[in-house]
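Visitor: I would like to know which cut-offs stand behind the terms used for this model. Please take them one at a time.

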Amino acid sequence: MRQLTFLAPKHFEWRDVPSPKLQHDRDAIVRPLAVARCDLDLYIATGVVPFPGPFAFGHEMVGEVVEAGKLANVVPGQRVVVPFQISCGSCTSCRRGFTASCESVPPYAAFGLGGGRVEYGGALSDAIRVPYADFMLVPLPQGVDPIHAASAADNIPDGWRAVAPQLAQYPGASVLIVGGLAQSVGLYAAGAAVALGAGRVLYLDDNQANCERARHMGADSGPMALAAGREPQELFDIVVEAAGTSDALAFAVRSCRPNAILTSVAMHLEPTTAVPLSQAYYRGLTFHTSRASARTWLPDVLDCMACGNLHPEHVTHSVMPFAQAAECMTDRGPKIIFTPD
């Protein structure tokens, strides 16, 4: 079968590789219907985040089951979302909801993110083998377009977890998203906050096209303008930092009301990142940063999409065939969806 393989920044090739086979009764074989480019994929493709190749590429996927083991709890023909991290569902971490830290597989085990790790295959291929399919695979709700849901494997739950539990704790709270590096995650967070009834949602970004996308999601938006010396003009109960810079993180802290919750969803790539802890201390902030446990939040995300309240399609800037994936991977837009030729 064909598989898109990352070799080095800006260098991909389609390779002919053996088709996956069932290896366990809990396995399933899934063929892709729609594959989204994750925010991280762009930075791997451009070399901003160094990952050694070669490895199979792509990890945000909605697919169709083509073969299933007798314990997989899915059937051929069923449409499913494939969360990008490998998780068993039964270890201590998984039972606690930390599926990003599953103890049954090597650390950081995931589809399409080899980089010297264990290879599980990539979504930009004709098929993948999904281990622990009885836990991993989540049925796609009736009426939800696979193209709209493709990023539900990673980036949509990543944005969701930054606002959903916080709004459950403080219904109707105000939400600020500081946009930037994790561009689709920040936009999905804005859309989720609107869908979940936040009192005010403000998205800030110097990327005007993304500000317009945030408005389509129902949020207010405006320029970040940190270079011009911008200071917070209002304070928020819930703040999401998706920019990935120390200046933006400091601005996020300064934008918090007393006892606010601040979540950083961006990767900070410098060896150290300045954090104004004295300000955080006196404001009584709760600060969280981590990889998202996508499988944990996926059912809630899909329910919200099925009800018509969450519209990730407003973030998508392009839908392309698989054949153009290698050439399009460095496109600077927030979300590309690839469909099989």
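What follows is a short exchange on terms and values.

Guide: This is a predicted model, in which local features need pLDDT of at least 70, side-chain atom pairs count only at pLDDT 80 or more, and totals for chains, interfaces and linings use all residues. Residues are numbered from 1 along each chain as its sequence is written, and side-chain values use heavy atoms, with hydrogens and water left out.

Visitor: How many bridges join E5 to E6?

Guide: There are 4, and E5 and E6 (residues 79–82) run antiparallel. Met61 has Val82 in E6 as its bridge partner.

Visitor: Why is H1 called roughly antiparallel to H7?

Guide: Helix H1 (residues 39–46) packs against helix H7 (residues 183–195) at about 170 degrees, with the axes 7 Å apart. Angles over 145 degrees count as roughly antiparallel, so H1 is roughly antiparallel to H7.

Visitor: How do you know that the size of the chain agrees with a compact globule?

Guide: The rule is 2.2 Å times the number of residues to the power 0.38, with the radius of gyration taken over C-alpha atoms. For 341 residues a compact globule would have a radius near 20 Å, and the chain has 19 Å, which agrees. The C-alpha trace spans about 55 × 40 × 35 Å along its principal axes.

Terms used. Two strands pair if DSSP finds at least two bridges between them. Helices (H or I, at least four residues) and strands (E, at least two) are DSSP runs, numbered from the N terminus. Axes are lines fitted to C-alpha atoms, for helices over the stretch in contact, and angles run from 0 to 180 degrees between N-to-C directions. Angles under 35 degrees count as roughly parallel, over 145 as roughly antiparallel, 65 to 115 as roughly perpendicular and the rest as oblique.
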